[in-house]
Amino acid sequence: MYSPDDYDHKGQLRLPLTFWIILLLQARSWLLLIMAGASREQGNALLELFYPETRVFWIGMALGVPAAMGLLLTGYRQRLPRLWRAWRWVLCADLLAMLLQQGLTVWLGDEALSPLIWLFMLFDVLALGYLLFSQRLRDCFDVRLNSAE
């Protein structure tokens with residue numbers, strides 16, 4: 001089904017670039033925190049630009065934990081196969097929680113409706129669709145197709 005080039009030296013199906021982008025999208029609050037820490041003078045202004053309310057920032061940090069753990073877990077696919085297989089569903093549930101949080105924020109009118117909120121909601125919906133329906137990604141989470149035999 002896949003060519004030998006689609007596998008790495010461990011015999012695992014290579015994760016698609018889109019998967020890495022989805023993990024970064026889900027961990028966006030963590031990335032923003034790192035960028036704010038790197039630019040010391042403008043760090044607070046950068047955080048306030050994207051997260052005027054600190055409560056929303058901390059919710060974003062909490063919702064980014066599964067993606068950050070997913071980044072770490074990619075190196076342990078063979079050692080923790082059950083956890084790896086389940087992690088796709090954890091990421092899907094996390095994206096649903098992000099969408100609910102964003103929808104609730106829009107519905108309650110906590111923030112001014114900016115195009116950025118709608119853009120991130122669109123990206124989250126597309127990411128959820130990719131996690132659910134991409135055959136290649138499903139195969140990456142299938143332990144039988146990723147054994148070191």
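Student: Where is the kink in H5 centred, and how many degrees is it?

Tutor: A bend at a residue is the angle between axes fitted to the seven residues ending there and the seven starting there. In this predicted model, H5 has a kink of about 35 degrees centred on Trp87.

Student: What span does H5 reach from its first C-alpha to its last?

Tutor: The span to expect is 1.5 Å times one less than the number of residues. H5 covers residues 81–108, which is 28 residues, and its end-to-end C-alpha distance is 41 Å, close to the expected 40 Å.

Student: Which elements does the protein have, and in what order do they run?

Tutor: There are seven helices and zero strands. Read from the N terminus, the order is α-α-α-α-α-α-α. Along the principal axes, the C-alpha atoms fill a box of roughly 55 × 35 × 25 Å.

Student: Is Arg28 buried or exposed?

Tutor: Buried means under 20% relative accessible area. Arg28 has a relative accessible area of 16%, so Arg28 counts as buried. Its place is in helix H2, residues 28–38.

Student: Which residues does Arg28 touch?

Tutor: A contact means heavy atoms within 4.5 Å. Leaving out residues up to four places away in sequence, Arg28 touches Met98, Gln102, Phe120 and Asp124.

Student: And Val56, is that residue buried or exposed?

Tutor: The relative accessible area of Val56 is 7%, so Val56 is buried too by the 20% cut-off. Val56 lies in helix H4, which spans residues 54–73.

Student: How many residues apart in sequence are Val56 and Thr105, and how far apart in space?

Tutor: Their separation along the chain is 49 residues, and their C-alpha atoms are 8.9 Å apart.

Student: For the protein as a whole, what share of contacts joins residues at least 24 apart?

Tutor: Taking contacts between residues at least 6 apart in sequence, 72% join residues at least 24 apart.

Student: What percentage of the residues count as buried, and what is the accessible surface?

Tutor: Of the 149 residues, 38% count as buried. The accessible surface comes to about 9200 Å², and 68% of that surface belongs to carbon and sulfur atoms.

Student: How many positive and negative charges are there, and how far apart are their mean positions?

Tutor: The protein has 13 positive and 13 negative charges, and the two mean positions are 9 Å apart.

Methods. Residues numbered from 1 in each chain as written. Predicted model: local features only at pLDDT ≥ 70, side-chain atom pairs only at ≥ 80, totals over all residues. Heavy atoms only, no water. Helix = DSSP H or I, 4+ residues; strand = E, 2+ residues; numbered from the N terminus. Buried < 20%, exposed > 50% of the residue type's maximum accessible area, 1.4 Å probe, protein only. Areas by Shrake-Rupley, 256 points an atom, 1.4 Å probe, with all protein chains shown as cover. Lys, Arg positive; Asp, Glu negative; His and termini not counted. Charge placed at Lys NZ, Arg CZ, Asp CG, Glu CD.
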